[in-house]
Amino acid sequence: MHRLIASTVALIALVGGAAHAEDATMRVRIGDLNLHHEDGAKVALQRIKSAATRFCGSEITSPLEFANQVNSCRKDMTEKAVVQLNAPLVTALYAPAASTTQYARR
């Protein structure tokens, strides 16, 4: 499943206010990448993140509440794309970024 039809990862999502429409598709081209090598996996993850940013919008000039919706949308779409792609190296590269919560110990 590393190379999908038409060399894209397509996601259909039900996304509120931050995205273009409730039923929208995010497409990411990955057919030119070798997902069995770290360099290809890194490029795939970057393309997924860039597509999620374009899909959901940018928070740079947005009010705080809209920025939170955009960030949540980007995170959700990136995670869905990584899961759907089902490429172990891409998943491994994404996993550390997904778990950013750290707890302090006494």
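**Helix α2 in its setting**

Mentor: The model is a predicted one, and the protein chain in it has three helices and two strands. Along the sequence these elements follow the pattern β-β-α-α-α. The helix to examine is α2, residues 64-85.

Confidence comes before detail. Mean pLDDT for the protein chain is 74, with 63% of its residues at 70 or more. Among the elements, the highest mean, 92, belongs to helix α1 (residues 38-56), and the lowest, 51, to strand β1 (residues 8-14). Over residues 12-22 the pLDDT is below 50, although the model gives this stretch 28 contacts beyond near neighbours in sequence. Residues 1-7 also stay under 50, and for them the model has 20 contacts beyond four places in sequence. Where pLDDT is low, predicted coordinates should not be read in detail.

α2 is made of 22 residues, and the distance from its first C-alpha to its last is 31 Å, close to the 32 Å expected at 1.5 Å a residue. Its buried residues are Ala67, Val70, Cys73, Met77, Thr78, Ala81, Val82 and Leu85. Viewed down the axis of α2, the buried residues fall within an arc of 155°, so they line one face of the helix. Leu64, Glu65 and Val83 are exposed on the other side of α2. After the helix comes Asn86, with a positive phi near 55°.

The relative accessibility of Gly57 is 23%; because buried means under 20% and exposed over 50%, Gly57 counts as partly exposed. Its C-alpha atom is separated by 8.9 Å from that of Asn71, a residue 14 places away along the chain.

For the chain as a whole, buried residues make up 34% of the 106 residues. The accessible surface comes to about 7,000 Å², and carbon and sulfur atoms account for 53% of that surface. Of the contacts between residues at least 6 apart in sequence, 56% join residues at least 24 apart.

To return to the part you asked about: α2 has one face lined by buried residues, while Leu64, Glu65 and Val83 are exposed on the other side.

Methods
Residues numbered from 1 in each chain as written. Predicted model: local features only at pLDDT ≥ 70, side-chain atom pairs only at ≥ 80, totals over all residues. Heavy atoms only, no water. pLDDT = per-residue confidence, 0-100. Helix = DSSP H or I, 4+ residues; strand = E, 2+ residues; numbered from the N terminus. Contact = heavy atoms within 4.5 Å. Buried < 20%, exposed > 50% of the residue type's maximum accessible area, 1.4 Å probe, protein only. Areas by Shrake-Rupley, 256 points an atom, 1.4 Å probe, with all protein chains shown as cover. Expected span 1.5 Å × (residues − 1). Arc of directions from axis to C-beta.
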